[in-house]
Amino acid sequence: MPELPEVETIRRDLLAKVVNKQVVSVEILSNKSAHNPVAFFRRNLIGYSFFDIKRRGKLLIFNISSDKHLLIHLKMTGQLIYVDKKTRLAGGHKLNEGDFVQAVGGELPNRFTRVVIEFKDKSKLFFNDMRKFGYLKIVDETELSRLLNNNYGIEPLTDDYTWNNFKDIFKNRRTSVKALLLNQKVIAGLGNIYVDEALFLSGVRPNRKTNSLKEVEKKILFRMIRQVIKRAIDYRGTTFKDYTDSEGKKGNFSKLLKVYGREGEECCKCKRGIKKIRLAGRGTHYCSYCQK
DNA sequence: GTGTTTGTTATCAA
DNA sequence: CTTGATAACAAACA
């Protein structure tokens with residue numbers, strides 16, 4: 001379940017690993033995963049390289065050394081794992097730490113590998129995706145700006161993330177604060193895990209209507225969202241099930257989660273039980289004492 | 001066989 | 001027109 005911190009971790013890692021390396025081959029093992037005709041997809045990658053990697057919300061944007069861009073969305077179970085020549089020639093992709101999660105299994109490609117991009121230095125980038133929700137798509141400048149302009153709200157780690165912009169997202173809305181924060185067109189990058197965490201850190205119940213939040217609650221939420229996102233990036237993301245970084249390693253933020261996945265456990269503040277309900281169609285975790 | 005997991009979109013309703 | 005609520009998608013696991 002890669003959200004902003006996980007996608008950002010992958011972006012930073014891959015910047016150092018694949019930028020300015022020429023693509024020499026592209027294997028598409030599942031047509032569903034590449035959202036272009038196969039011939040178009042291969043023709044627009046082979047022979048080119050990526051000169052930069054950007055991110056908007058949970059979407060990765062690889063700038064191709066042409067006028068095009070490779071979009072990669074991991075959705076729920078997507079992974080991008082990079083293996084260099086040395087590791088490949090060593091006869092396997094197992095890490096000493098034994099850190100590969102189950103879905104990777106230590107072997108690449110594996111049965112969930114959908115796309116493989118090989119670079120001139122014999123390194124390879126594997127796109128694994130158990131559930132085939134994720135995708136790779138090559139778009140031109142026009143389509144890219146259309147997508148970015150229409151689908152993404154304020155971005156927590158940029159200069160756009162100001163108190164003025166944040167408080168505006170509550171205007172003229174009356175849904176639950178959980179649904180609001182999950183809406184990528186309102187605020188980009190949060191998913192189920194970090195919404196629950198940010199609301200706990202702010203002492204706000206997920207089912208509160210957006211127009212019921214007091215100014216001070218919104219202010220705390222504004223700060224806590226940025227804080228939890230930053231901390232999670234510092235810890236290289238959260239692995240709850242399938243997420244791994246570009247080396248197949250798990251994220252370290254999992255043990256710092258206060259409510260997500262902790263149904264029935266003691267609240268770290270008040271020692272009462274963490275509750276789990278269904279809200280906005282999602283499993284929702286909170287403390288009914290600490291969150292008002 | 002059933003329920004559960006979630007990012008995003010489609011669809012329908014208000 | 002806008003906004004919201006919900007189903008659907010897909011695959012695996014308990």
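Phe-119 is buried, with a relative accessible area of 1%; buried here means under 20% relative accessible area, exposed means over 50%, and partly exposed lies in between, computed with a 1.4 Å probe on protein chains only. Phe-50 is likewise buried, at 1%.

Before I continue, a word on the basis of these values. This is a predicted model, in which local features need pLDDT of at least 70 and side-chain atom pairs count only at pLDDT 80 or more, while totals for chains, interfaces and linings use all residues. Residues are numbered from 1 along each chain as its sequence is written, chains are lettered from A and ligands numbered from 1 in the order in which they are written, and side-chain values use heavy atoms, with hydrogens and water left out.

I return to the aromatic residues. The structure holds nine aromatic pairs. Rings of Phe, Tyr and Trp, the last by its six-membered ring, pair if their centres lie within 6.5 Å; planes under 30 degrees apart count as stacked, over 60 as edge-to-face and the rest as tilted. Phe-50 and Phe-119 make an edge-to-face pair, because their ring centres are 6.4 Å apart and their planes stand at 75 degrees. Phe-50 belongs to strand S2 (residues 50-56) and Phe-119 to strand S6 (residues 113-119), so this pair ties together parts that are 69 residues apart in sequence. Strands (E, at least two residues) and helices (H or I, at least four) are DSSP runs, numbered from the N terminus.

Phe-166 and Phe-222 form a tilted aromatic pair, with 5.4 Å from centre to centre and 45 degrees between the planes. Phe-166 sits in helix H5 and Phe-222 in helix H8, so the pair ties together parts that are 56 residues apart in sequence. Both Phe-166 and Phe-222 are buried. Together with Tyr-161, Trp-163 and Phe-170, they form one aromatic cluster.

This brings me to helix H8. With 20 residues (215-234), H8 reaches 29 Å from its first C-alpha to its last, close to the 28 Å expected at 1.5 Å a residue; the expected span is 1.5 Å times one less than the number of residues. Among the buried residues of H8 are Leu-221, Phe-222, Met-224, Ile-225, Val-228 and Ile-229, and also the charged pair of names Glu-217 and Lys-218. Which helices do the buried residues of H8 pack against? They pack against H1 (4-18), H5 (163-168), H6 (177-182) and H7 (192-202), where contact means heavy atoms within 4.5 Å. Just after H8, Arg-236 takes a positive phi of about 60 degrees.

Two further positive phi values occur in loops. Lys-75, a residue other than glycine, has a positive phi near 45 degrees. Lys-75 lies in the loop between strand S4 (68-73) and strand S5 (78-83), and is partly exposed at 36% relative accessible area. Ala-280 has a positive phi of about 55 degrees although it is not a glycine. Ala-280 is placed in the loop between S9 and S10, and counts as partly exposed at 40% relative accessibility.

I turn now to the DNA. How many residues surround DNA strand B? There are 16, and the closest are His-73, Met-76, Lys-276, Arg-278 and Arg-282; a residue is near a strand if one of its heavy atoms lies within 4 Å of it. Sugar and phosphate account for 56% of the atoms of DNA strand B that come within 4 Å of the protein. Strand S9 (275-279) and strand S10 (282-286) each supply at least two residues of this surface. The surface divides into four nonpolar, five polar and seven charged residues. In that count, Ala, Val, Leu, Ile, Met, Phe, Trp, Tyr, Cys and Pro are nonpolar, Asp, Glu, Lys and Arg are charged, and the others, Gly among them, are polar.

Individual atoms give more detail.

Around DNA strand C, the residues include Lys-32, Arg-111, Phe-112, Arg-131 and Phe-133. The surface near DNA strand C divides into three nonpolar, one polar and six charged residues. Phosphate oxygens of DNA strand C lie 3.0 Å from a polar side-chain atom of Arg-173, 3.1 Å from a backbone N or O atom of Arg-174, and 2.7 Å from a side-chain N or O atom of Thr-175.

Methods: Polar contact = N/O pair within 3.5 Å; in protein donor to acceptor, adjacent residues only side chain to side chain.
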